[in-house]
Amino acid sequence: AIRAAHIARETHHHERAVEMFNLSLKGQLDVDLQIKIRVDMADSLARSGRYLEAAQTLEALTELSLQEALRWRARRYQLYLMSGELSDLLTQADDLSAKAKIILADLLLPLRPLAARSLIGDQDSLTAQLVKIAFLAGAHNERAVNEAERILEQFEVDPERGAYFVSWGLARIQVSSAKDEWSPALKVVQDLRTHVQEEDTFSLNHLRILEWESRINLEMGKIHEAKSAARILLVTTRSHGLLGLRSSACVLMALAHIEAGEDIAASRLLAESSRCRRSQPKTLPHVHHQIAYCRHLFYRGQIVDTLVQLRSLRRTQELQPLLTRRDTSLQFSLLHGRAAALLALSEHYQLEIDRGQLTGSLAIPSRELLEHACDILEKAIPRPKAWLTLFRTFQGLISNDWQQVNTLTINALKSNQESFKNPLVRSIFGALYLLALKRAEQLNQSRGSSEETPNKYAKQAKQLRD
């Protein structure tokens, strides 16, 4: 069995090698040989994309030899991170070599950004620089984002450098997302997919690219494309037992279903995400899951529950440092603003709302809550121009300032800025413009004006519906 396993490894049939190694371990073997088998088996598992199983195989070395377990500790941490799991890295990082810290920092960044930045210290290798760029791009600080862009412009990576080129491309994507430049970011994703198309579909680089492809398409309102990328990511992580990455893929897929109005599918995926993710230690994906859950409540029309759950998330001490990152802060504040706007509109139209749970800071009048949400979003990075304009339009509608509603909606529908082209935002502005035209028609009828406005309303209504 051992001989068959080595032959399989030499011919790159790593799944077969794993089977043979497992078979060989059923025999009576001395400790040294068992250690060598487990190390080789972990390598074959990793080359098969089964990173979590590979990490667990190396962890089993503690039962055979503590010295060997320590020797392979950095590799074990690396494999856990590649599967989206944190393990006990944060408590053992001080004993690792400088080279190991840089490698692990790159993988740790999507889970614990602050810890990843502390691992690289003042090192200036290419990988360390790319980690620093990605960290700065994710900071809720405009100067940090500009610094990330400045460092990124100082060098380019040759496509022949493989993994470095992909990491450089992912850093470019993060800087573009911080600048609200989603089309250029999507172009980079497409270039990277072409670059790695010959790699195995389960490679970590390919999975990272798929994750960004789904996220970018969600931001641009391209639900079908977001689903397609998230589906491939989810299928791959399921089949290879990558629980941490599978949890994140479930959240992405759930968000696409939420935007498509597919409630049952979204609920099932959020439940699956919870099952796959360890409750401790808390990481950035925990925050993403909680925000997705709140978004699901919002799309169900549970406005009060959304606001209460968001407040609970903000008060969770373990998650507070992660909520200060640029992306999570923006997503949190934007969802809070949307919920506040919907609450204000519901009360304006005298819909029945049970405000019993809205205590403390949420007990203020809905108009003030919306104004406060807008003040926070004005400081967000990148500033969500389209949504802020939409909220200001809602404020005009609530104040019965139809001139403001009309002006803002016309400007928004004519805008060439990318954020105003999001289908969801555009459809809401279209509906608001129809309301403004209808209001103008009613005023003209009350004044006995000509039929010009009703005809204009009918024409515009048809165009907007189309």
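1. His289 is located in helix H18, which spans residues 284–299. The model discussed here is a predicted one. With a relative accessible area of 14%, His289 is buried, because buried denotes a value under 20%. When residues up to four places away in sequence are not counted, His289 touches Val251, Leu270, Ser273 and Ser274.

2. Cys276 belongs to helix H17, formed by residues 263–276. The relative accessible area of Cys276 is 7%, so this residue too is classed as buried. Its contacts, again not counting residues up to four places away in sequence, are Glu85, Leu243, Arg246 and Ser247.

3. Ser248 stands 28 residues from Cys276 along the chain, and the C-alpha atoms of the two are 9.1 Å apart.

4. Thr328 is part of helix H21, which covers residues 326–348. Its relative accessibility is 2%, and Thr328 therefore counts as buried. Leaving aside neighbours within four places in sequence, Thr328 is in contact with Leu284, Val287, His288, Ile291, Leu322 and Leu323.

5. The contacts may also be read against the helix boundaries. Among the residues touched by His289 are Leu270, Ser273 and Ser274, and helix H17 comprises residues 263–276. Likewise, the partners of Thr328 include Leu284, Val287, His288 and Ile291, and helix H18 comprises residues 284–299.

Note on methods:
Residues are numbered from 1 along each chain as its sequence is written. This is a predicted model: local features need pLDDT of at least 70, side-chain atom pairs count only at pLDDT 80 or more; totals for chains, interfaces and linings use all residues. Side-chain values use heavy atoms; hydrogens and water are left out. Helices (H or I, at least four residues) and strands (E, at least two) are DSSP runs, numbered from the N terminus. Buried means under 20% relative accessible area, exposed over 50%, partly exposed in between (1.4 Å probe, protein chains only). Contact means heavy atoms within 4.5 Å.
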